Amino acid sequence: MVTQPGPGRRTVLRGGLTATAAGAFALAANGPAAAAARDSRRLLAVPEPRIYSTSEWGARPPNGQIVVLDRVPTYIVVHHTAEPGNSEDYSLAHAMAICRSIQNYHMDGQGWSDSGQQFTNSRGGFVLEGRHQSLDVVRGGTQHVQGANVGGRNSEVIGIENEGLYTQVDVPAALWDSLVQLVAWIASRYGRPVADIMGHRDFNSTECPGDVLYARLQELRDAVAGALGVAPAARPSVWPLLRPGAAGPQVRAAQYLLRARGFSDVPVDGVFGADTKRAVAKLADVHNIDKHTCAATVRAGTDETGYLGSDIWPLITPKVRATENADVEKAVTTLHRAGADGAHSAGVLDATRWKRLLA
């Protein structure tokens, strides 16, 4: 049994990555050759981290075909496993057991052909292949193993499950270091911009990857940019996640927008109560929104029904001028009063303007 990686291992990994990132960033910022490389969108090669293959952790064979698409994924998506929680067993043996547990649940509980995620990152800093063939395909740099980790978008995303629950506590340093290395390597192999490093909630109405880890995604983008020798990316505009029990101007604006969609029984009180939850859940059902949360979160008994996130906001934010609908105008006014820049509501309200108003 391999025990928790000691300080030497983590220090070497972190120190090596930091040195590489710092040197790469300086080169990108100051060197003419690096500037030319940046302009042509060439990325620095990032060494492949140690990744334990499916055969090494004892994966079951898939019970269906592994779909390999002849194109690269667009997004690198960060998840948390939620279950089994924040274990203090940082060993490689534990990391492998987590992979076997996830695969068993995905295949036996979800009816999938294999693990849904392409990679798993443990609290001890061990990285393991998830779905079969993912490791070799990323090495090739031209194809994508389609997984099952983001509802409705699996042909576009490569997913990384990070062991643990990060709704209130931070990730261990070893997990963070290995996540930076893994994401930098994937981005390097696929030539993906750091702006396309996203969280699960940027696609589905789910807490995943937890408020704490999600809040560090810009830090992750910046660290990966340094490793790739490119300029940091601006923080992307994203849809907020509203949950039952939430309160405030975003909720009030959402209530006005739901009323504009015909849910006249939704109160406008700024509190995400039962009526608001029912309206959001009904909207999701009517539009056949894939009820996809991290499977481990479902397994842990978390009910995310009625969450208002990235796949629901587009259904209630019309592409109109604010003055064309009384409830839409009230929603915009609510956000202005809360501090939103009025310039974002000028003209036709598209998705980008709505995101900025709701930020």
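## Helix H8 and its surroundings

Helix H8 is followed by glycine 262, whose phi is positive, near 105 degrees; helices here (H or I, at least four residues) and strands (E, at least two) are DSSP runs, numbered from the N terminus. This is a predicted model, in which local features need pLDDT of at least 70 and side-chain atom pairs count only at pLDDT 80 or more, while totals for chains, interfaces and linings use all residues. Residues are numbered from 1 along each chain as its sequence is written, and side-chain values use heavy atoms, with hydrogens and water left out.

The twelve residues of H8 should span 16 Å at 1.5 Å a residue, and the 17 Å between its end C-alpha atoms agrees with this; the expected span is 1.5 Å times one less than the number of residues. Val251, Ala253, Ala254, Gln255, Tyr256, Leu257 and Leu258 are the buried residues of H8, where buried means under 20% relative accessible area, exposed over 50%, and partly exposed in between (1.4 Å probe, protein chains only). These buried residues pack against helix H9 (274–286), H11, helix H12 (326–337) and helix H13 (351–358).

Not counting residues up to four places away in sequence, proline 244 touches Phe272, Lys277, Thr305, Gly306 and Tyr307, contact being heavy atoms within 4.5 Å. The C-alpha atoms of proline 244 and tyrosine 307 are separated by 6.8 Å, although the two residues are 63 apart along the chain.

## Aromatic pairs

The structure holds three aromatic pairs, for which ring centres of Phe, Tyr and Trp (its six-membered ring) must lie within 6.5 Å, with planes under 30 degrees apart counted as stacked, over 60 as edge-to-face and the rest as tilted. One of them joins tyrosine 75 and phenylalanine 203 edge-to-face, at 5.1 Å centre to centre and with 65 degrees between the planes. This pair links distant parts of the chain, since tyrosine 75 lies in strand S3 (residues 75–80) and phenylalanine 203 in the loop between strand S8 (197–199) and helix H6 (211–215), 128 residues apart. Phenylalanine 203 counts as buried because its relative accessibility is 6%.

Tryptophan 239 and tryptophan 313 form a stacked pair, 6.1 Å centre to centre with 10 degrees between the planes. Tryptophan 239 is in the loop between helix H7 (217–228) and helix H8 (249–260), and tryptophan 313 is in helix H11 (residues 313–316), 74 residues apart; both tryptophan 239 and tryptophan 313 are buried.

## Nonpolar cores

A nonpolar core is a set of buried Ala, Val, Leu, Ile, Met, Phe, Trp, Tyr and Cys residues joined through side-chain atoms within 4.5 Å. Of the 38 residues in the largest core, Phe119, Trp185, Ile186, Leu220 and Val224 touch the most other members. The largest share of this core, eleven residues, comes from H5. Apart from it lies another core, of 30 residues, among them Leu257, Leu283, Leu335 and Leu349.

## The sheet

Six strands form an open sheet of mixed pairing, in the order S1-S5-S4-S7-S3-S8, two strands being paired if DSSP finds at least two bridges between them. Strand S1 (51–52) and S8 stand at the edges with a single partner strand each, so one side of each is left without a neighbour in the sheet. Strand S4 (residues 119–121) and strand S5 (residues 127–129) pair in the antiparallel sense over three bridges, and phenylalanine 119 stands opposite glutamate 129 in S5.
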